[in-house]
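Please examine the sequence and the three-dimensional model shown below.

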Amino acid sequence: MATKRAYASPLRQQAAARTREQILMCAAELFAGRGYGRVTVPDIAAAAGVSPKTVFASVGSKSDILDRVVDQGVTASGHEEAVARLLALTDPRELLRELAAATRHGNEGQFLVHEAIRKALPTHEQAEELWERATGEYRKALRDVAAHLDALTARPAASGEETVHLLWFWFGPSGWRTLVVENGWSWERAERFLSRTAIATLC
């Protein structure tokens with residue numbers, strides 16, 4: 001007797017994917033707003049308009065959800081394309097202006113993910129690992145840009161590590177957060193300031 005093969009409905013799969021996206025989006029907003037430790041799975045379910053059972057079945061536990069939020073953020077960052085564009089530039093001033101614009105775009109787009117991880121640090125056992133995963137490629141990208149910048153400006157080889165540190169100080173997540181969140185600047189104002197500061201210092 002032939003056994004029935006499970007039929008996967010494309011519409012059902014699309015609906016499930018939309019549900020997962022909604023859960024992850026709502027979870028990121030809650031984690032970033034309240035802090036990971038103050039958010040429960042029922043809170044996430046209520047925000048997403050589903051049952052807690054659906055949250056567990058679709059994404060998993062609260063820890064699993066944060067893990068997926070981080071993965072989604074890394075995938076969506078588009079850093080590889082941005083770095084390729086930056087490394088093709090030959091004018092150091094243009095390079096720094098474009099770096100300011102690119103990192104603004106990335107930090108503005110990934111703001112909820114970064115905030116979710118930051119606020120998870122006191123309570124989530126693996127929050128530091130998640131932060132490293134979320135920013136590891138970012139650091140590497142700035143290191144590549146720093147090497148290219150030093151080559152364009154004929155800066156001494158000994159200054160290479162300093163350039164890396166300065167770019168991370170200005171254009172890393174903490175630099176953007178200090179200006180935009182802690183000081184209430186607009187993203188545009190922060191971009192202009194960081195661009196001017198980097199050009200004045202390194203060019």
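The model is predicted, so to speak of local features requires a pLDDT of at least 70, side-chain atom pairs count only at pLDDT 80 or more, and totals for chains, interfaces and linings use all residues. Residues are numbered from 1 along each chain as its sequence is written, and side-chain values use heavy atoms, with hydrogens and water left out.

A salt bridge is defined here as a side-chain nitrogen of Lys or Arg within 4 Å of a carboxyl oxygen of Asp or Glu. The structure contains 11 of them. In one of these, aspartate 67 pairs with arginine 133, and the closest N and O atoms are 2.8 Å apart. This pair links distant parts of the chain, since aspartate 67 lies in helix H4 (residues 62-76) and arginine 133 in helix H8 (residues 127-153), 66 residues apart. Helices (H or I, at least four residues) are DSSP runs, numbered from the N terminus. Aspartate 67 is partly exposed, with a relative accessible area of 28%, and arginine 133 is also partly exposed, at 36%. For these terms, buried means under 20% relative accessible area, exposed means over 50%, and partly exposed lies in between, with a 1.4 Å probe and protein chains only.

Which partners does glutamate 115 have? It forms a salt bridge with arginine 118, with the closest N and O atoms 3.9 Å apart. Glutamate 115 is buried, at 5% relative accessibility, whereas arginine 118 is partly exposed, at 23%. Glutamate 115 also forms a salt bridge with arginine 177, where the closest N and O atoms are 2.4 Å apart. That pair links distant parts of the chain, from helix H7 to helix H10 (residues 173-182), 62 residues apart. Through shared partners, salt bridges join Glu115, Arg118, Arg177 and Glu182 into one network.

A cavity is a set of points on a 1 Å grid over the protein atoms alone where a 1.4 Å probe fits but cannot get out; lining residues have an atom within 4 Å of a point. The count comes to 1 cavity of 30 Å³ or more, and the largest cavity holds about 70 Å³ of space, a volume being the space filled by probe spheres set on the points. Its lining includes Glu115, Arg118 and Arg177. Helix H7 supplies the largest share of the lining, 4 residues.

Key. Helix = DSSP H or I, 4+ residues; strand = E, 2+ residues; numbered from the N terminus. 1 Å grid on protein atoms, 1.4 Å probe; cavity = no way out; pocket = protein on both sides within 12 Å on 5 of 7 lines; lining within 4 Å.
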